[in-house]
Amino acid sequence: MIERLDDERLQELSQEINLNYLRSKGQDPLDTLCIDIEGVLTDVFHKKILYEHFGEKDPGRDGFTSNGITPLRVKRCGSIKEMVFSADTIVLDYYLKRIENSIARRYVLAHEFGHILYGIIVPGQTASSFHSEFDSEMNYTPDQLKSIMSFSEIEATRIGCAMLMPHFLLVNTLHRVMNAEKFPFFGEYQTMPADSGKLQTMANDLGVTPIMLRKELERQKLIERRPITEYLDLFGKGVKS
């Protein structure tokens, strides 16, 4: 069975999971800047998170949710070995442990969480899963492309982003940084210079990229659309589209 979770259902679920986790830790949601995705995975869903040097043929693979059957190719002692991890395990490539890769680590963890949650909501989704960072210069095989672009991968990313940016947290962040209910965009993508800085501040606080944040603001209907002509006029161009 393949089922797409509608945005409203996904937002409700991600919000309640995060709020319940914060309550269990005695944390005030209003004081929360960033979701502890690792804590949710280990404390609520009882997953183990391990780090290995990946030895997969696809060099873009950097995250793996085990089903207890499918092996993962890892580099150990100068050679590549196939390892089978228990079904309660998420394995990340060791490079994601670096401080400078903290946002990428959070994204991969959230993506793998998406697979786990999707498997709970849609019974039968028990296959192991890889997160692969798409590389436009990589000569992928048809099977590799099919895996990267599969429906389950797309759903895992949607669920992961909703978990990192639940509705209550986006609303709180907009109020705190923008003093506004919605974020203003001119046309589809343009922002005023001051607002661009604020978008980056919001993304930094949330532990995501500005692109991830923009897409989630749009999914959750937290964007105020303004005419692109208004943007051009503000810069004194006087150009009409």
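1. How many cavities of 30 Å³ or more does a search of the whole structure find? The search finds two, and it should be kept in mind throughout this note that the model is a predicted one.

2. On the overall make-up, the protein chain holds nine helices and eight strands, and 45% of its 241 residues count as buried. Among the contacts with a separation of 6 or more, 66% are between residues 24 or more positions apart. The accessible surface of the chain comes to about 12700 Å², and carbon and sulfur atoms account for 53% of that area.

3. The largest cavity has a volume of about 40 Å³, and its lining is made up of Asn18, Tyr21, Leu22, Gln27, Thr32, Cys34, Ile35, Asp36 and Val40. Helix H1 (residues 7-24) supplies the largest share of this lining, with three residues.

4. Turning to the aromatic side chains, the count comes to four aromatic pairs. One of them, Phe45 with Phe113, is edge-to-face, with 5.0 Å from centre to centre and 90° between the planes. Phe45 lies in the loop between helix H2 (37-44) and strand S1 (48-52), whereas Phe113 belongs to helix H3 (residues 102-121), so this pair ties together parts that are 68 residues apart in sequence. Both Phe45 and Phe113 are buried.

5. How are the rings of Phe186 and Tyr231 placed, with what distance between their centres and what angle between their planes? The centres are 5.4 Å apart and the planes stand at 45°, so the pair is tilted. This pair, too, links distant parts of the chain, with Phe186 in strand S7 (residues 183-186) and Tyr231 in helix H9 (residues 228-234), 45 residues apart. Phe186 is buried, as is Tyr231.

Notes. Residues are numbered from 1 along each chain as its sequence is written. This is a predicted model: local features need pLDDT of at least 70, side-chain atom pairs count only at pLDDT 80 or more; totals for chains, interfaces and linings use all residues. Side-chain values use heavy atoms; hydrogens and water are left out. Helices (H or I, at least four residues) and strands (E, at least two) are DSSP runs, numbered from the N terminus. Buried means under 20% relative accessible area, exposed over 50%, partly exposed in between (1.4 Å probe, protein chains only). Contact means heavy atoms within 4.5 Å. Accessible areas come from the Shrake-Rupley method with a 1.4 Å probe; for residues, only the protein chains shown count as cover. Rings of Phe, Tyr and Trp (its six-membered ring) pair if their centres lie within 6.5 Å; planes under 30 degrees apart count as stacked, over 60 as edge-to-face and the rest as tilted. On a 1 Å grid over the protein atoms alone, a cavity is a set of points where a 1.4 Å probe fits but cannot get out, and a pocket is an open set with protein on both sides within 12 Å along at least five of seven lines; lining residues have an atom within 4 Å of a point. Grid points are joined across faces, edges and corners, and a volume is the space filled by probe spheres set on the points.
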